[in-house]
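Subject: Structure handover and notes

Dear colleague,

Please find the structure we spoke about just below. My notes on it follow, and I would be glad if you read them with the model open beside you.

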Amino acid sequence: MKKIIGLAVSSGIAIGYAKLVRKEKLLIKRKTIQNHEIEEELLRFETSVNQVVKDIDILIEDLSHSKVNKEILTTHKMILHDPEFSIKITKLISNELYSLENAINEHFSSLVELFNNMNNEYFSLRSQDYQDVADRLLAHLLKQEKDYFEKLDENSILILENITPSEVTKAFEKKIKGFCTEKGSKNSHSSIIARSMNLPSVSGISKILSIIKEDQLIIIDGSKGLLIITPDEKTLKEYRELFQKEEDEKNKLQKLKNIESRTKDGKRILLMCNIEIPEELEQVLKYKSDGIGLFRTEFLFIGRSELPYENEQYEIYKKIAESCAPKPVIIRTIDVGGDKLSKILNIEHEENPNLGCRGIRISLENIPVFKTQIRAILRANSKANVKIMFPMISSVDEVKKAKEIIEICKNELEKEKITFNPEIEIGAMIEIPSAALTSDSIAEECDFLSIGTNDLIQYTLAVDRDNQTVASYYQPNHPAVIKLMKTTIINAHRKGAKVAICGEMASEPEFIPILIGLGIDELSVSPGKIFLVKNEILKCDLPKSAKEVETKYNLKE
Ligand code: PEP
Ligand code: MG
């Protein structure tokens with residue numbers, strides 16, 4: 001038996017047999033062309049892109065039952081239609097005399113490598129999508145389509161170097177138990193999809209394809225990021241029991257779908273979902289959550305060569321808002337660090353982006369970009385269920401400035417006679433200690449506050465939230481964090497504003513009694529955790545939890 005710790009990407013237990021996938025590099029025989037072949041090669045380029053787009057369209061039609069897959073395929077079409085892609089390939093063929101296959105390989109390999117080597121989660125997020133598109137095009141050109149998934153069955157655990165988003169959905173459709181990869185990050189498109197499909201997975205295990213042998217019995221413990229190879233009888237028995245317990249628990253929890261989330265003593269706690277990509281909407285609706293408490297809009301700005309237009313944003317926000325109406329949808333304005341946007345906003349590289357131009361700062365430094373987003377949000381509020389939320393607020397002045405921009409946008413839309421809804425609630429995220437400590441004045445300017453514990457913990461305890469080496473210092477229930485949350489809740493309630501928690505802490509059952517005891521009004525959690533959290537809310541007794549928290553953390557008002 002061998003135990004290996006990797007990156008906990010998607011929780012759940014999987015017990016099954018290893019199926020190793022070694023993706024062979026597609027063999028490109030002809031690397032260069034002659035001058036007279038340029039025209040023909042460019043024509044081949046156009047035809048092959050058109051053909052692959054057609055193939056994707058057929059898949060989209062076929063997969064009408066799977067919205068997630070549809071959205072991914074649509075992203076792939078966007079990559080193929082990106083004008084920069086066409087310019088780059090044309091240049092490689094015309095100026096460098098690359099063969100089409102070589103040009104495609106060169107273009108996508110350098111993109112994928114660049115993103116992966118950036119050591120920046122946000123940029124590496126989309127590299128798998130690019131790899132996916134490259135594979136599709138090359139397989140089409142070289143007619144070497146390979147179905148790695150043919151050998152999989154319901155007892156398989158997929159082992160591979162990396163997995164593309166479409167492969168995750170394909171694997172899910174094959175009903176495999178889970179997957180482990182060498183490369184990958186918690187927030188990659190593939191990982192997000194694995195989580196929303198409740199597919200256990202662990203990544204970050206180096207040399208995984210030489211450690212594990214075909215058909216070896218393995219266990220994935222997704223929440224611990226643990227991989228067990230050839231478990232002994234005792235471990236296997238323990239995990240079989242644990243798996244069964246989790247399954248029973250899951251089935252039991254499904255029954256909570258139509259039950260309102262209230263504490264035992266009757267306080268209604270709105271239980272909403274966090275989403276990062278529109279594909280997750282399906283889960284939000286399926287699990288009957290109370291709405292979307294945090295719609296992260298970063299996906300619109302990352303890994304792209306141009307900024308998203310107002311209409312593109314409007315269509316996406318509108319679709320989500322209308323599908324959820326009358327339940328609320330809180331759209332958070334752009335929250336990426338300076339370095340993560342530098343490609344499309346020309347911002348200088350920053351040594352310490354977490355303390356640099358990120359969150360609301362980036363919007364206030366790039367007013368036209370901010371205005372485009374605000375206008376799209378205002379227009380998408382036709383059902384009056386949309387709210388705007390500002391990230392990384394450090395002082396009330398930023399809220400005031402941001403609100404001024406909202407007013408400017410309203411005036412502009414009015415003048416342009418574009419339909420929008422001027423009645424919109426405004427909220428601020430409390431995720432910096434300075435914001436928590438001045439939450440009285442921030443709440444004065446807002447309709448609601450939402451505590452982003454992921455960053456609040458990071459900035460309060462001076463611990464990088466993504467650095468595994470200091471993970472033990474990252475303590476959500478550290479007294480300093482609890483005190484800042486309590487201060488925020490008291491201040492907000494005094495001003496008549498509701499308070500939500502939308503950081504990962506709200507998705508962890510052990511912290512629910514603390515959060516409820518502190519007096520929060522709403523929780524926003526990842527869709528897969530909704531029933532687990534609801535179960536804890538139902539068990540909670542507010543006066544008892546309040547007393548316990550007050551005593552434990554010495555929180556007398
Ligand atoms: C947070 O910081 O808790 C939060 C919800 O925002 P993000 O994780 O997107 O930084
Ligand atoms: Mg945050």
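The magnesium ion (ligand 2) is coordinated by E431 through OE and by D455 through OD, at 2.0 to 2.2 Å, where donors are N, O and S atoms within 2.8 Å of the metal (3.2 Å for Na, K and Ca) and water is not among the atoms, so sites may look incomplete. This pair links distant parts of the chain, since E431 sits in the loop between β13 (425–430) and α17 (433–437) while D455 belongs to helix α19, 24 residues apart; helices (H or I, at least four residues) and strands (E, at least two) are DSSP runs, numbered from the N terminus. Both E431 and D455 are buried, meaning under 20% relative accessible area, with exposed being over 50% and partly exposed in between (1.4 Å probe, protein chains only).

A word on the basis of these notes: this is a predicted model, in which local features need pLDDT of at least 70 and side-chain atom pairs count only at pLDDT 80 or more, whereas totals for chains, interfaces and linings use all residues. Residues are numbered from 1 along each chain as its sequence is written, chains are lettered from A and ligands numbered from 1 in the order in which they are written, and side-chain values use heavy atoms, with hydrogens and water left out.

A polar side-chain atom of R296 lies 2.7 Å from an oxygen atom of ligand 1. The protein covers 99% of the 280 Å² of accessible area that ligand 1 has on its own (Shrake-Rupley method, 1.4 Å probe; for residues, only the protein chains shown count as cover).

Of the 14 residues around ligand 1, those that come nearest are R296, R332, G452, N454 and R465, a residue being near if one of its heavy atoms lies within 4 Å. Helix α19 (residues 453–461) gives the largest share of this shell, three residues.

R332, in strand β11 (residues 329–332), counts as buried at 4% relative accessibility. Its side chain is joined to that of E298 by a polar contact of 2.9 Å, and to that of D335 by one of 3.5 Å; a polar contact is a pair of N or O atoms within 3.5 Å, and within protein one must be able to donate a hydrogen and the other to accept it, while residues adjacent in sequence count only if both atoms are side-chain atoms.

With best wishes
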